[in-house]
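Thank you for letting me take a few minutes today.

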Amino acid sequence: MSRVICEREDQTVAAIRSGAIDDETASHAQRCPACSDILLVSEFLREDGALADHEQTALPDASHIWEKARLRAQQEAVRLALRPIRFMKIIAIAAFACSPWLRLLLPIGREFVASWSRAFDFNFAFVLRVWPASTNEAVMLLGSSGTIILLALSSWYILRQE
Amino acid sequence: MDETSFRLFYEQSAPRVFAYLLRVTGKRPVAEDLLQEAYCRLLSSKLPAMNEAERRSYLFRIATNLLRDRWRRHQEEPPPVSLPEPASGPPQLEIQLELRKAFQQLKMRERELLWLAYVEGCNHKEIAALSGLRHTSVRLLLFRARRKLANLIRTGASSQTEHFK
């Protein structure tokens with residue numbers, strides 16, 4: 001590509017930007033295809049840019065954009081404020097969906113703890129003592145644990161936001 | 001930024017951003033939408049303290065990203081030129097229209113690069129920062145776009161000259 005990209009390209013561009021194309025640059029551009037392209041294109045685009053300034057009859061009003069941005073910021077703030085509630089709602093729905101399985105899982109878990117106790121010759125009796133005997137107890141246990149976890153998570157979230 | 005300073009900044013910067021968006025998209029309603037979106041994003045972004053030139057540069061970056069997002073979504077064909085038909089206008093205006101048609105035949109990326117380089121006066125490094133391209137790629141892409149436009153302009157100008165003979 002070095003054959004087609006002129007080494008004096010930057011000088012030509014600088015001359016165009018300064019608005020004063022000296023004779024040397026002009027005569028070079030006549031001989032150099034790359035620099036003549038630069039002159040041609042920049043001339044056209046600068047003219048077009050000047051024309052574009054006259055075509056802007058009615059731009060959107062600044063106060064309209066300001067108001068739009070303010071409303072958007074408000075919506076974003078509301079969305080952020082509601083995020084913990086949305087998060088808890090998802091957890092609650094998940095817990096509700098899982099609750100029917102507790103009836104099945106409860107005896108399986110109990111059996112699992114007992115078999116571990118036998119296999120490792122370790123007394124897991126304290127686990128079995130606190131292990132919920134009924135579904136209601138399990139729900140209570142899960143509910144209170146869930147509340148504590150959610151309180152911790154939401155406190156962390158609020159602190160992080162602040 | 002408070003409302004008064006925003007208004008001032010908008011009045012100073014909006015015409016140039018709008019011209020850029022209009023020439024790259026070729027559609028006034030699209031350019032207006034993108035202009036509003038760019039300023040909304042500027043206002044909602046939590047920026048460190050900036051001077052006006054930095055803020056303007058950041059605005060052009062947002063506008064360029066918006067153009068690219070839009071192009072990715074729609075993969076637009078070259079749009080029609082939104083200049084009024086100069087049926088009885090001077091020959092110079094007709095030539096300018098032809099040249100503008102030539103500009104619209106370029107790809108969106110090429111129009112972006114050329115406008116930033118020759119109207120906004122950005123150097124390769126600044127264009128790279130605005131467009132997310134590498135510095136070396138900008139040089140090459142700009143060269144190709146320039147050559148393509150120069151050929152189109154020469155072809156268009158020669159046909160116009162023939163027409164007026």
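Predicted model: local features only at pLDDT ≥ 70, side-chain atom pairs only at ≥ 80, totals over all residues.

Let me begin with a pair of helices in chain B: H1(B) and helix H5 (residues 108–118) of chain B pack at an angle of about 150°, with their axes 9 Å apart. Here axes are lines fitted to C-alpha atoms, for helices over the stretch in contact, and angles run from 0 to 180 degrees between N-to-C directions. H1(B) and H5(B) are therefore roughly antiparallel to each other, given that angles under 35 degrees count as roughly parallel, over 145 as roughly antiparallel, 65 to 115 as roughly perpendicular and the rest as oblique. H1(B) passes H5(B) in a right-handed crossing, and the rule is that a crossing is left-handed if the near helix is turned anticlockwise from the far one by less than a right angle, and right-handed if clockwise.

Residues are numbered from 1 along each chain as its sequence is written, and chains are lettered from A and ligands numbered from 1 in the order in which they are written. The pLDDT is the predictor's confidence in each residue, from 0 to 100; for chain A its mean is 77, with 81% of the residues at 70 or more. Within chain A, confidence is lowest in helix H6 (residues 125–130), at a mean of 66, and highest in helix H4 (residues 62–81), at 89.

Now the overall make-up. Chain A has seven helices and zero strands, and chain B likewise has seven helices and zero strands; helices (H or I, at least four residues) and strands (E, at least two) are DSSP runs, numbered from the N terminus. Of the 162 residues in chain A, 10% are buried, and of the 165 residues in chain B, 32% are buried. A residue is called buried if 20 or more other C-beta atoms lie within 10 Å of its own, exposed if 12 or fewer, and partly exposed in between, with C-beta atoms placed from the backbone.

Where does H1(B) bend? The bend, of about 45°, is at Ser13(B), and a proline, Pro15(B), follows within four residues; a bend at a residue is the angle between axes fitted to the seven residues ending there and the seven starting there. Several residues of H1(B) are buried, including Tyr10(B), Ala14(B), Phe18(B) and Leu21(B). After the helix comes Gly26(B), whose phi is positive, near 75°.

H1(B) also packs with a helix of the other chain: H4(A) and H1(B) lie at an angle of about 125°, with their axes 10 Å apart. H4(A) and H1(B) are therefore oblique to each other, and H4(A) passes H1(B) in a right-handed crossing.

Finally, helix H2 (residues 28–44) of chain B holds Arg41(B), and Glu32(B) is also placed in helix H2 of chain B. Arg41(B) is partly exposed, because 17 other C-beta atoms lie within 10 Å, and Glu32(B) counts as partly exposed with 17 C-beta neighbours inside 10 Å. Glu32(B) and Leu21(B) are eleven residues apart in sequence and 8.1 Å apart in space, C-alpha to C-alpha. H2(B) packs with helix H3 (residues 52–74) of chain B at an angle of about 130°, with their axes 9 Å apart, so H2(B) and H3(B) are oblique to each other.
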